[in-house]
Amino acid sequence: MLLPLSGCSESDVSIDDLRSAALEAGSGDAIDSTEPGNEPGNEPGAVAEILDLEKTDLVFGFIKLTDCAPIVIAKEKGYFDDEGLNVQVEAQSNWRDLLNRVITGELDGAHMLAGQPIGASVGVGADAPIITAYSLDYNGNGITVSNEIWVEMQKNDVKLQSPTPEHPIPATSLKPIVKAYKNKEGKPFPMGMVFPVSTHNYEIRYWLASSGIHPGMYSGEDDAKGVNDAEVELSVTPPPQMPKTLEGGTIFGYCVGEPWNQVAVATKIGVPVTTNYDIWNNNPEKVFGVSKDWAEKNPNTHLAVVKALIRAGKWLDAKDADGKFLNRIEAAKILSDSRYVGADEAVIANSMTGTFVFQETDVRSMPEFNVFFDGYASYPHYSDCIWFLTQMRRWGQISESKPASWYAAKAKEIYRPEIYRKAAELLISEGKVAATDFPAPDYDGYREPTTAFIDGNQYDAADPIGYINSFEIGNKEPTELAKQ
C-alpha cells in the first residue's frame, strides 16, 4: 500500500546517508527477484499462457525518462519474451514525433504522456483515436528554477533562506519576479515544459495559478503556445534538453520528469523548488498508448503486452519486509544504459530509490516519488482521464463548453480498463500475480475524491464542471452543465 499522502518529510539526513541506504535496499539478498516468475509472492517458474497472437514483432517508442521503466524492464527481464513477443524499443527525439509515429503505424505503441491519448482523441493538437489500457506510473516530475531565480525567490521569502526550507514551496515568492520581468521586458517570463498536453504543462500551470500567476490561455485546439493574457510563457523543450536550455538562459525554469531535475542539481545550474508529488500527490504521469485501429486489429497481442507490463510494474515496486525496494538499484543500472535513459546511474538512482535532492543541503526521503504498481498505479482509472480533460478545458485547449456526461463518455472511449482486467485475470490464473494486486471487481474506475493538491482544492471526477469552476484563474462553465 502507498504511504500516507503527505508532502515530503523534513529530513536531516545527508546525501551520503541516503545513497548508502539506497545501495543497501538494492542489494536484494533475501529474494532473487531477477528471474521472470520469481517476483515476491508468486509461484516461481509459472508458465505463461501464450495467446493466439496477431503480431509478434513489435516496435515501441519511448523518451529518455526514468518512467519508461516498465517498458524497458519488460524487455530486459524477459516478460515480453514469455508472452511470445519480440519487442524492439526505440528512443524518440520528442513527444510530437513519438505520437505521430504511433498514428502512422511506424510504432506499434509507445511510452506516452498521459494527456497524449486524450488530446489526440478529442482533437487537441492532433486528431487520431489513441487508447490506453496501462498506466505506467504516478508522480515523477519536478519544477526547477535557475540558481539566479532561486536567489531572488529567497530574497522575497525569508522562510526560503534556510539550508532545508519547508516544503512544499508555493510560487508566491516567484510572483514579484515574474511581474518585474514583464514590466521591464514587456513580455512574459520564460519557462519550459515538454508538450502542450503534458502533465508537466498542467502541473506548472497549476503551481503558478495557485499563487495568482497567470500562465496564459489557449485560443483553441490548434493553439500550441497558449500565451493569451500570460504572465509566464511556457515553451516546449524536449526533456533531455531542459538543463542545457536553462543553462543557456533561454528559460528561467522548467517542469520535467527525472532525471533532468536531478541533473540540474548535479551540474549546479538550478534548484528544484517542488515536485508533482506535492502539486498533486499520486497523480497519473505516463501511459502506454496504442492507436485504436492497432488495438482493434491486434487484441490478443495487446493483451500480451499489457500482461508483460503488469509484471514489469510489479517487479519495479517489489519491496522486502521492511519496505525497502528490492530491484530499484538494478533498474537504475539498466536505465542508465545509453540505449535507454543514458544518464548517470547514481543520478537516476536518487529518485528511483526514493531520494530527491533539492539542494546539496536539502536531501529528502520521498519513497513514493516514483510509483509504478502499488496503490493500483498501473490501472487506467477513468477519473485520471477526466482530470486531464478538465485542465484542457480550464486553459482553453478545448474551446467549447461540454456537459458533465461528455467527460465520462470520453474517459470510457480512451481509458480501457477492461483490457487491463483481462490481462490481470490471465496472470492471476498463471500464478504470477495475486487478485489482491488489483482493484475489486466492482470498482467503477473513479478514484476517491481528494484534496491532496498543493492548494488543498478538492477534485471529484464525478463533478468535472464544479471542479473547473472552483479555480480563480481559467475558464468558467455554466453550472447547468453539471447535470447534463
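## Notes on the predicted model

1. A salt bridge here is a side-chain nitrogen of Lys or Arg within 4 Å of a carboxyl oxygen of Asp or Glu. The two partners come from distant parts of the chain, 253 residues apart: Lys77 lies in the loop between α2 (69-76) and α3 (79-82), and Glu330 in helix α14 (residues 328-336). Lys77 is buried, at 9% relative accessible area, whereas Glu330 is partly exposed, at 25%. Buried means under 20% relative accessible area, exposed over 50%, and partly exposed in between (1.4 Å probe, protein chains only).

2. A word on the ground rules. This is a predicted model, in which local features need pLDDT of at least 70 and side-chain atom pairs count only at pLDDT 80 or more, while totals for chains, interfaces and linings use all residues. Residues are numbered from 1 along each chain as its sequence is written, and side-chain values use heavy atoms, with hydrogens and water left out.

3. Now the overall picture. The protein has 19 helices and 12 strands; these are DSSP runs numbered from the N terminus, with helices being H or I of at least four residues and strands E of at least two. Of its 484 residues, 60% count as buried. Among contacts with a separation of 6 or more, 75% are between residues 24 or more positions apart, a contact being heavy atoms within 4.5 Å.

4. How many salt bridges does a search of the whole structure find? The count is 23. Among them, Asp362 and Arg364 meet through their side chains at 2.6 Å, N to O, and both of these residues are buried. Glu247 pairs with Lys244, with the closest N and O atoms 3.9 Å apart. These two are separated by about one helical turn, because they sit three residues apart in helix α9 (residues 242-247). Lys244 counts as exposed, at 63% relative accessibility. There is also a network of salt bridges linking Glu83, Lys307, Glu430 and Lys432.

5. Helix α5 (residues 115-122) deserves a look. Eight of its eight residues are buried, so the helix is largely enclosed by the rest of the structure. Its buried residues pack against α4 (95-104), β3 (109-113), β4 (130-135), β10 (286-291), α16 (382-394) and α17 (404-414). Just after α5, Gly123 takes a positive phi of about 85°.

6. Strand β4, one of the elements that α5 packs against, has six of its six residues buried, so it too is largely enclosed by the rest of the structure. β4 and β10 run antiparallel and are joined by five bridges, with Ile131 opposite Val290 in β10. Strands count as paired if DSSP finds at least two bridges between them.

7. For a parallel pair, turn to β6 (residues 189-193) and β7 (residues 232-236), which five bridges join. Pro190 stands opposite Glu233 in β7.

8. Asp229 is in the loop between α8 and β7. Is Asp229 buried or exposed? Asp229 is exposed, with a relative accessible area of 61%. Leaving aside neighbours within four places in sequence, Asp229 is in contact with His214 and Gly216.

9. The largest nonpolar core has 143 residues, and Leu174, Ile310 and Met392 have the most contacts inside it. Such a core is a set of buried Ala, Val, Leu, Ile, Met, Phe, Trp, Tyr and Cys residues joined through side-chain atoms within 4.5 Å. Helix α13 (residues 299-317) gives the most to this core, with 10 residues. Beyond its neighbours within four places in sequence, Leu174 is in contact with residues including Ile149, Met153, Phe189 and Trp207. A second, separate core of five residues includes Tyr277, Phe356, Phe358 and Met366.

10. Finally, the cysteines. The structure holds zero disulfides, a disulfide being a pair of cysteine sulfur atoms within 2.5 Å. Cys68 is buried, at 0% relative accessibility, and Cys255 is buried as well, at 1%.
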